[in-house]
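Work through each with the model open.

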Amino acid sequence: MRMLVVDAVTDLTDGVRQIGLTAPDGGSLQSFTPGSHVVVSCGIDRQGHARRNAYSLTGAGIVPDAYSISVRRCDAGRGGSLWMHGLSVGESVEVTGPRSGFAPVLTARHHVLVAGGIGVAPILSHARAAARWGRSFEVHYVSRGGDGPHLADLAAVCAERLTTYRDAEALWTALGPALLDRPLGSHLYTCGPASLMEEVDRRASSAGWPGARIHHEHFGIGDLEPGRPFVARLSRSGLDVEVPSGTSLLDALVRRGVSVPNLCRQGVCGECRTPVVGGVVEHRDLYLSDDEKMAGDCMMPCVSRAAGSRLELEL
Ligand code: FES
């Protein structure tokens with residue numbers, strides 16, 4: 001975790017603001033792989049918890065002088081994006097990372113990149129790297145009205161390898177045939193609204209793409225059901241922690257003085273991964289793979305809960 005300084009604020013489209021972050025001493029920042037994100041501390045929420053939002057890095061990743069992130073204002077959200085939109089040049093922000101769970105597969109024969117709306121941010125990062133290193137790739141970008149953020153950046157990077165769409169129907173019309181004839185060994189990457197990513201998944205699976213060649217970057221889990229109350233037993237200390245409906249397991253643990261590393265509290269960063277030694281988990285995160293969820297020996301307590309009345313954690 002370190003402090004960075006806001007050195008540029010630019011409105012890309014109505015509601016999307018690009019923010020540049022530099023080191024206080026003006027030095028270079030840590031390099032990152034395409035598709036990486038940083039986690040930014042964005043003030044305190046109504047419950048008194050520190051808000052931390054993950055933002056994809058859109059610039060070049062090799063010894064960068066600045067990190068560039070794009071923040072879509074969400075008036076009905078938890079307040080983090082509004083806090084970010086209130087930042088001015090010269091202010092300092094606390095930043096963790098970069099981290100990546102969405103890196104390109106370097107052995108892929110071809111990369112199919114699909115972005116929806118603000119999901120263009122990590123896709124732009126992938127496209128920059130693919131163009132720089134001469135990899136085979138194509139980008140499909142759908143945004144309302146065909147005029148989304150970073151359109152000019154993508155066009156400059158991709159040239160004829162970019163296809164834009166004004167609506168999802170146009171995307172499906174073009175992407176369907178494309179998914180059927182790309183070379184074996186191609187990989188598919190998608191970022192955008194959950195409904196778009198699910199539909200890309202569905203169409204890719206129907207076209208015979210194995211799950212291991214389909215990659216997603218999620219924004220966060222959104223609002224969740226409050227869930228039923230349950231008790232978490234901590235196997236090392238023998239402590240029983242009651243988790244009421246509407247309170248996350250992570251919050252219940254922290255209130256009892258149990259230290260659990262965490263960052264996003266949205267089930268996407270992987271930081272709060274906790275071993276499970278008893279009980280059945282209702283997984284609600286976007287981080288663990290299907291196989292890891294099936295194994296049931298770990299969970300993300302910031303969003304996931306017990307499927308029954310008890311869980312036992314290796315804490
Ligand atoms: S804090 Fe990020 S997944 Fe739980």
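Q: How many residues apart are Arg203 and Glu199, which both lie in helix α5?
A: This is a predicted model, where local features need pLDDT of at least 70, side-chain atom pairs count only at pLDDT 80 or more, and totals for chains, interfaces and linings use all residues. Residues are numbered from 1 along each chain as its sequence is written, and side-chain values use heavy atoms, without hydrogens and water. Helices are DSSP runs of H or I with at least four residues, strands are runs of E with at least two, and both are numbered from the N terminus. Arg203 and Glu199 sit about one turn of α5 from each other, 4 residues apart.

Q: Which residue forms a salt bridge with Arg203?
A: A salt bridge puts a side-chain nitrogen of Lys or Arg within 4 Å of a carboxyl oxygen of Asp or Glu. For Arg203 the closest N and O atoms are 2.8 Å apart. The partner is Glu199.

Q: Is His110 buried or exposed?
A: Buried means under 20% relative accessible area, exposed over 50%, and partly exposed in between (1.4 Å probe, protein chains only). His110 belongs to strand β7 (residues 110-116). Its relative accessible area is 8%, so His110 is buried.

Q: How many residues apart in sequence are the parts that Glu314 and Arg236 tie together?
A: The side chains of Glu314 and Arg236 form a salt bridge at 3.5 Å, N to O. Glu314 lies in the segment after β18 (310-313) and Arg236 in the loop between β12 (230-234) and β13 (240-243), so the parts tied together are 78 residues apart.
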